[in-house]
Amino acid sequence: AELNNSNCVAAAELGPCAELANDDVTLVPPVDVCVQNRAPRFLSPTGKFAYGGSESLQDTPEVSKWERANEGINDQETQLDTVSVNGGFSYPSITQYFGTTVEFYVTVYDPDECTDLSLESTHLPESGGQESQFGEYIPRTENLPNDEGTMVSRLFTWEAVGADEQDMAITVQRDPTTLVCFVATDDYFATADPFYCVRINLKPKPAAEEQTLLRFDCKMSLLWSPVVQRFVFAENTDKRTRKYYTLCRYDNYMWHHAMVAVNEMGVGQLYVDGQPQQLMIPNSTDLSLGFDPAPLDTYFETTTFPNDCSSRRRRARS
């Protein structure tokens, strides 16, 4: 039987597809149907994502840093928290507290319009009989690069509470550090060199009480508030305690250099890592009610400074 080559053209007539023809290829498709497949990649279009009325969560954490680091770009913007021991790849990380649910979205994008795009986890972590979950596919049509291609997301969830053999709720015992990896494929290319992995770091919840870092001048102190993650200057007057909180927040369990300076007029500043901090006043002793929306300057005024502490010392000795 004769081979019908009416839909094929010679390599010389292929134009941009000419490099696809070689000595082993005698029949090639016409120019108008010659499309080269493009590989999918992980993406975080907006940094955070919310779906179906749920709260906004991280979307593909630190994926841009991960891409740049694995391309050999080493600068301040690509510094990741952890590095794997196998292969030396830098992995993104997410930090939560023990006893809380770990949740984040993973998003993958394929620049091709027609594709069988899939997104899977290589292994879902499990502790105490409680396996993490990788949710249903969520089609994404907003924030498509160049308004073309296909994009989907899935929600990774690792609950903090499980059930025992009597179906009673128990707190799941999870390791302080766990690695979960993901792979995307369009049935032609797969994102497996390296895998996109997220290192889950779990830490103890900070104490609810404010911690005293320094006391001075009898009635003054420098505090740390782990609940709102701010440094605090406190002054105990005869009637109440006045507190000034830093506008900036700082991570728990991280080292910082904090100090307070007060001049002879009783005007002071709170410094963190050598920088004077803008300050805020809480709306109430209940910090869940928030702060005055208008931050103060970097200066505060005391009402009792300087204090004579000699009488307190004598009483303490007696």
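This is a predicted model: local features need pLDDT of at least 70, side-chain atom pairs count only at pLDDT 80 or more; totals for chains, interfaces and linings use all residues.
## Strand 17 and its neighbours

Strand 6 (residues 93-97) runs parallel to strand 17, the two pairing over 5 bridges, where strands are DSSP runs of E with at least two residues, numbered from the N terminus, and two strands pair if DSSP finds at least two bridges between them. Residues are numbered from 1 along each chain as its sequence is written, and side-chain values use heavy atoms, with hydrogens and water left out.

Strand 17 also pairs with strand 16 (residues 177-185), here in the antiparallel sense and over 6 bridges, and Val198 of strand 17 is the bridge partner of Val180. Strand 17 itself (residues 196-203) is mostly covered, with 7 of its 8 residues buried; buried means under 20% relative accessible area, exposed over 50%, and partly exposed in between, for a 1.4 Å probe and protein chains only.

## The disulfide

The model has 1 disulfide, defined as a pair of cysteine sulfur atoms within 2.5 Å. The bond joins Cys181 to Cys197 at an S to S distance of 2.0 Å, and with 105° about the S-S bond the link is right-handed. Because Cys181 lies in strand 16 and Cys197 in strand 17, the pair ties together parts that are 16 residues apart in sequence.

Cys181 counts as buried at 13% relative accessibility, and Cys197 is likewise buried at 1%. Cys248, by contrast, counts as partly exposed at 39% relative accessibility.

## The largest pocket

The largest pocket holds about 760 Å³ of space. On a 1 Å grid over the protein atoms alone, a pocket is an open set of points with protein on both sides within 12 Å along at least five of seven lines, and lining residues have an atom within 4 Å of a point; grid points are joined across faces, edges and corners, and the volume is the space filled by probe spheres set on the points. Of the 21 lining residues, Gln58, Ile94, Thr95, Gln96 and Asp251 are the closest to the centre of the pocket.

Strand 3 (57-58), strand 6 and strand 17 are the elements that give two or more residues to this lining, and strand 6 gives the most, with 5 residues. By class, the lining has 5 nonpolar, 10 polar and 6 charged residues, where Ala, Val, Leu, Ile, Met, Phe, Trp, Tyr, Cys and Pro count as nonpolar, Asp, Glu, Lys and Arg as charged, and the others, Gly among them, as polar.

## Salt bridges

The structure holds 7 salt bridges, each a side-chain nitrogen of Lys or Arg within 4 Å of a carboxyl oxygen of Asp or Glu. One of them brings together the side chains of Arg38 and Glu148, at 3.8 Å from N to O. Arg38 lies in the segment before strand 1 (41-42) and Glu148 in the loop between strand 12 (138-139) and strand 13 (150-158), so the pair ties together parts that are 110 residues apart in sequence.

Another salt bridge links Arg140 and Glu142, whose closest N and O atoms are 2.8 Å apart; Arg140 is buried, with a relative accessible area of 2%, whereas Glu142 is partly exposed at 32%. Salt bridges that share partners also join Arg38, Asp112 and Glu148 into one network.

Conventions
Helices (H or I, at least four residues) and strands (E, at least two) are DSSP runs, numbered from the N terminus. On a 1 Å grid over the protein atoms alone, a cavity is a set of points where a 1.4 Å probe fits but cannot get out, and a pocket is an open set with protein on both sides within 12 Å along at least five of seven lines; lining residues have an atom within 4 Å of a point.
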